[in-house]
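Visitor: I would like to learn how to read contacts and aromatic pairs. Please walk me through an example.

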Amino acid sequence: MEKLNIGIILGSTRQGRVSPQVGEWVKGIADQRGDANYEIIDIADFNLPFLGTTDGTEPGITAWSDKLASMDGFVFIVQEYNHSISGALKNAIDFARDEWANKAAGIVSYGSTGGARAAEHLRGILGELQVADVRTHPTLSMFTDFENFSEFKPQDLHQDNMKMMLDQVNAWSGALKTLRFAFSL
């Protein structure tokens, strides 16, 4: 059976961000499983303009669409900004529609309250795009999982939640892949 392609989306583009550290941690755990192809997708690499401010011909827009279309599922690395997701992540999500449909997603969030409020906002957005978000949700605290709020040092207790979330993302991604195939016939 062909391995699933799971994208680990970094949801921040700001200077000094810690999402790359969290993304590498997630990918390290995921790669040990050997059950899917995991890839970090950094929205900063696509140089997406603000939606609706250009004619839509920038190469980053097509590259973003193509990358999303090649994935079977996602893990979002979400940081909480003002009780929600970053504007950069919302903009990137809105640049696609059909590329998200009938895929699964897990959420790994961080912030002062583990990023829980941002994750809840993201769940509503994903539902509108027909993305099945899984229940298990590792939440990381800026107070206990980061040294000086900048160096990621996760507590060991997050390992089990990560494994369970990846189990769910892979199961749902595989099931939804058959649905996408049936719709394409």
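Visitor: Which residues does Pro-49 touch, not counting residues up to four places away in sequence?

Guide: Contact means heavy atoms within 4.5 Å. Pro-49 touches Thr-54, Glu-58, Ile-61, Asn-91 and Phe-95 on that count. This is a predicted model: local features need pLDDT of at least 70, side-chain atom pairs count only at pLDDT 80 or more, and totals for chains, interfaces and linings use all residues. Residues are numbered from 1 along each chain as its sequence is written, and side-chain values use heavy atoms, with hydrogens and water left out.

Visitor: Where does Pro-49 lie?

Guide: Helices (H or I, at least four residues) and strands (E, at least two) are DSSP runs, numbered from the N terminus. Pro-49 is in the loop between strand 2 (36-42) and helix 2 (59-69).

Visitor: Is Pro-49 buried or exposed?

Guide: Buried means under 20% relative accessible area, exposed over 50%, partly exposed in between (1.4 Å probe, protein chains only). Pro-49 has 15%, so it is buried.

Visitor: How many aromatic pairs does the structure hold?

Guide: Rings of Phe, Tyr and Trp (its six-membered ring) pair if their centres lie within 6.5 Å; planes under 30 degrees apart count as stacked, over 60 as edge-to-face and the rest as tilted. The structure holds nine such pairs. One of them, Phe-46 with Trp-64, is edge-to-face, at 5.2 Å centre to centre and 70° between the planes.

Visitor: What does the pair of Phe-46 and Trp-64 tie together?

Guide: Phe-46 lies in the loop between strand 2 and helix 2, and Trp-64 in helix 2, so the pair links parts 18 residues apart in sequence. Both Phe-46 and Trp-64 are buried.

Visitor: Which residues form one aromatic cluster?

Guide: Phe-46, Trp-64, Phe-74, Phe-76 and Trp-100 do.
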